[in-house]
Amino acid sequence: MTLLLMAAGRGSRYGKLKQFDALGPNGEFLMEFSIYDAIENGFDHIVVITQQTNVEFLTDHLSSRLPKHIKLDVVAQELSDLPEGSSFSGEREKPWGTAHAVWSARKVIDNPFVVINADDYYGNSAYKKSADFIKNNTTDYALVGYTLKDTLSEHGSVSRGVCTTDDANNLLSVNERTKIEQQSKTIKDLDSGLEFTGNELASMNFWVCNPSIFKSIEDDFKTFLKNDSNIKNGEIYLPFVIQEMLENKKIGVKVIPSGGEWFGVTYASDKEKAMVLLQEMSERGDYKAPLWN
């Protein structure tokens with residue numbers, strides 16, 4: 001089983017490359033706890049998508065720590081990596097988005113896989129449940145979901161995929177809300193004006209996919225590139241691609257309640273809380289200290 005970590009972001013709200021910030025009790029990156037949990041639950045292939053300038057560093061860092069039986073691929077997400085026959089003109093600095101990050105791994109993944117953010121902590125149970133799902137569903141997709149109110153930051157707005165499901169926990173839709181914020185008694189998306197109770201299910205980009213997604217991303221990316229207004233700052237998001245696949249009945253997506261704790265480091269101010277939580281988990285024996293032998 002394969003775990004794909006998206007670590008190519010620029011950390012615009014955090015202020016630096018948070019993927020490589022030493023948050024663990026012994027200087028571990030947050031992604032290392034995700035990798036550890038995945039390996040504990042039977043994942044044996046780790047793929048990390050990052051910027052070209054970080055490929056060598058991250059390869060050296062992880063290969064010196066991971067068990068020898070674990071396969072590691074560190075892949076660059078590059079602006080020049082486009083579908084055949086596609087091109088763009090003009091200037092652009094930021095990556096093409098999370099769907100493109102996943103598409104960047106198309107040459108090294110040929111089996112069902114889990115996709116996560118490298119700068120989020122998802123909890124061991126998320127990997128156990130996703131591993132169980134993969135073992136029993138080789139063609140279906142899944143989403144490990146978290147309660148919206150448990151995923152907010154005290155220090156500013158966040159982007160969340162708000163989900164709608166049926167009574168059987170099948171995903172009906174996921175709508176990306178890019179500026180959700182806690183406001184006294186309500187939770188509000190500042191862009192759309194929509195208010196939420198906080199009990200809604202949120203996608204934290206913990207997806208179980210199979211290689212069929214690469215073709216769908218490529219098709220959507222070709223369309224995306226034909227719109228000149230997307231070139232400078234537009235992004236193609238993974239939830240958008242999966243939503244389109246749902247609407248076209250290409251896939252079904254089962255929603256799996258996480259049953260565990262999530263936290264992330266959207267802002268620099270979130271760092272202290274994350275460090276405290278990781279320290280507490282190490283002290284009670286959830287993780288070895290140091291994490292790797």
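Let me begin with a definition: a residue is called buried when its relative accessible area is under 20%. The model I am presenting is a predicted one. By that cut-off F20, with a relative accessible area of 17%, is buried. F57, in contrast, has 40% relative accessibility and therefore counts as partly exposed.

I turn now to the aromatic rings. A pair of aromatic rings is described by the distance of the centres and the angle of the planes. The count comes to 18 aromatic pairs. One of them joins F20 and F57: the ring centres are 5.5 Å apart and the planes stand at 80 degrees, so this pair is edge-to-face. It links distant parts of the chain, since F20 sits in the loop between β1 and α1, while F57 belongs to helix α2, 37 residues away.

A further pair is formed by F33 and Y287, with centres 5.1 Å apart and planes at 85 degrees, so it too is edge-to-face. Because F33 lies in helix α1 and Y287 in the segment after α7, the pair ties together parts 254 residues apart in sequence. Both F33 and Y287 are buried. These two residues also belong to a cluster linked by ring pairs, together with Y36, Y121, F263 and W292.

Next, I consider S34, which is located in helix α1, residues 30-40. S34 counts as buried because its relative accessibility is 1%. Its side chain reaches the backbone oxygen of D120 at 3.5 Å. Besides D120, the residues that S34 touches include L3, L5, I116, Y122 and Y127.

Finally, a charge over a ring: R106 lies over the face of W103, 3.6 Å from the ring centre.

Technical notes: Residues numbered from 1 in each chain as written. Predicted model: local features only at pLDDT ≥ 70, side-chain atom pairs only at ≥ 80, totals over all residues. Heavy atoms only, no water. Helix = DSSP H or I, 4+ residues; strand = E, 2+ residues; numbered from the N terminus. Buried < 20%, exposed > 50% of the residue type's maximum accessible area, 1.4 Å probe, protein only. Polar contact = N/O pair within 3.5 Å; in protein donor to acceptor, adjacent residues only side chain to side chain. Contact = heavy atoms within 4.5 Å. Phe/Tyr/Trp six-rings, centres within 6.5 Å; stacked < 30°, edge-to-face > 60°. Lys NZ or Arg CZ within 6 Å of the ring centre and 35° of its normal. Lists of a residue's contacts leave out its neighbours within four places in sequence.
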